[in-house]
Amino acid sequence: MAETKKEQPQPLDLDTGERLATTGRAVAQGIAHEVRGEHETAKGQHHAVSMAEVEQIIEDWPAAQQNVAQQMLDKYGLPNEATPTKLFWYGNAPWKRTELSRDVVVHNWPTVHSDFLTQVIDYRVPPEMFHLIAMFDGSILLDRTKGEVAARCDSESANVLGMNMVHEIVTGKRTVEAARKISVESTVAYNLGRSAPYAERLLFDVPQGGTEDLDESEISGAILRQTGGKIKDVITGQEEEATDRRTGLGAAQGG
C-alpha cells in the first residue's frame with residue numbers, strides 16, 4: 001500500500017501573531033536596504049569553490065552538463081557557489097549571474113533539447129511587452145522587480161542569441177515572428193561554423209544596474225480597511241472574507 005504523504009501546514013495554520021511577525025520582519029529588512037540604497041543583495045559572490053569540490057560535484061553529471069561546466073570553468077574560472085546539483089558564477093561579465101544545473105527542462109524549440117544553463121543580465125523589459133517575450137521563447141525568464149532577463153538553454157551561444165533577440169523585440173527592430181525565424185537560422189549557422197553574429201556576442205550595451213522596477217506601496221489603505229474589518233469580526237463574532245472573492249463584485253467593478 002502506498003504511503004500517504006503527510007500534509008504540511010498551510011498559511012491558514014499560522015496564528016495572527018506569527019503572520020504579523022513574518023511580514024514585519026520582511027518590511028523592516030526592506031526599509032533598511034532602501035535606506036542603504038540597495039534593491040537586492042548577492043552575498044554568494046563573495047564565496048569561492050575549490051576545483052576539487054567542483055570535480056567531485058560534476059563527476060556523475062550527464063555528459064552535456066559536464067561539457068558546459070568545463071567551458072564555464074575555462075572561461076570564467078571557479079564558481080562562487082555550488083550545491084550537489086548546481087554551480088553559480090556571479091559577475092562573470094557580460095553576465096550578472098550564471099547558473100549551471102545538473103537537472104534539465106526539456107524544450108522543443110527550435111528542436112528538441114534540454115535547458116540547463118541559465119545566464120542573467122540587468123535589462124528592463126516594459127511590462128506591456130512581457131507577453132511578446134513569452135511568445136518569442138518560453139525559456140526567456142523576466143523579473144520585473146529585479147530588472148533582470150534570464151536566458152536558459154543548453155549553451156552560452158544559445159543564451160547570447162536569445163538575449164540579442166529580446167533586445168531587438170523590445171527596441172522594435174524585430175517582430176516576434178522575425179525573431180523566431182532569425183533564431184532558428186542563426187542556431188543552425190553557428191553550429192555549422194558559419195558567421196552568426198547574433199549567437200557570437202551580445203550586440204548591445206548591457207546595463208549595469210538601474211533596471212529594477214520596485215513598484216509602489218499601496219498597503220496603507222488596506223491596513224485601515226482590514227483593521228476595521230478585524231474589529232467588526234470581533235464585535236459580531238463572525239468572520240467575513242476580506243475580499244469579494246465569492247461575490248463577483250470585483251469583476252463588476254473591473255477589479
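Predicted model: local features only at pLDDT ≥ 70, side-chain atom pairs only at ≥ 80, totals over all residues.

How close do the axes of helix α5 and helix α6 come, and at what angle do they cross?

**Entry 1**

I looked up α5 (residues 156-170) and α6 (residues 176-191): their axes come within 10 Å and cross at roughly 155°. Angles over 145 degrees count as roughly antiparallel, so I put α5 down as roughly antiparallel to α6. For the handedness, I noted that α5 passes α6 in a right-handed crossing.

Next I wanted the residues that meet. From α5 I have S157, L161, M165 and I169. Their partners in α6 are V176, A179, I182, S183, S186, T187 and Y190.

**Entry 2: aromatic pairs**

How many aromatic pairs are there? I get 2.

I took W109 and F136 to begin with. Their ring centres are 5.8 Å apart with 75° between the planes, and the pair is edge-to-face. W109 sits in the loop between β3 (97-107) and β4 (113-122), while F136 belongs to helix α4 (residues 130-136), so the pair ties together parts that are 27 residues apart in sequence.

Are these two buried or exposed? W109 has 17% relative accessibility and the cut-off for buried is under 20%, so W109 counts as buried. F136 is buried too, at a relative accessible area of 1%.

Then I went to Y123 and F204. The ring centres are 5.7 Å apart and the planes are at 75°; over 60 degrees counts as edge-to-face, so that is my label for this pair. Y123 is in the loop between β4 and α4, and F204 is in the loop between α7 (197-200) and α8 (219-236). This pair links distant parts of the chain, 81 residues apart. Both Y123 and F204 are buried.

**Entry 3: back to W109**

What lies over the face of W109? I found R180 there, at 4.2 Å from the ring centre. So on my W109 page I now have F136 as the edge-to-face partner, and R180 over the ring face.

**Entry 4: T85**

Last stop was T85, in the loop between β1 (81-83) and β2 (86-90). T85 comes out at 28% relative accessibility, which counts as partly exposed.

Which residues does T85 touch, leaving out those up to four places away in sequence? My list reads W61, L100, S101, R102 and D103. I also checked L100 by C-alpha atoms: T85 and L100 are separated by 8.4 Å, and they are 15 residues apart along the chain.

Technical notes:
Residues numbered from 1 in each chain as written. Heavy atoms only, no water. Phe/Tyr/Trp six-rings, centres within 6.5 Å; stacked < 30°, edge-to-face > 60°. Helix = DSSP H or I, 4+ residues; strand = E, 2+ residues; numbered from the N terminus. Buried < 20%, exposed > 50% of the residue type's maximum accessible area, 1.4 Å probe, protein only. Lys NZ or Arg CZ within 6 Å of the ring centre and 35° of its normal. Axes fitted to C-alpha atoms, helices over the stretch in contact; angles between N-to-C directions. Parallel < 35°, antiparallel > 145°, perpendicular 65-115°, else oblique. Left-handed = near helix turned anticlockwise from the far one by under 90°. Contact = heavy atoms within 4.5 Å.
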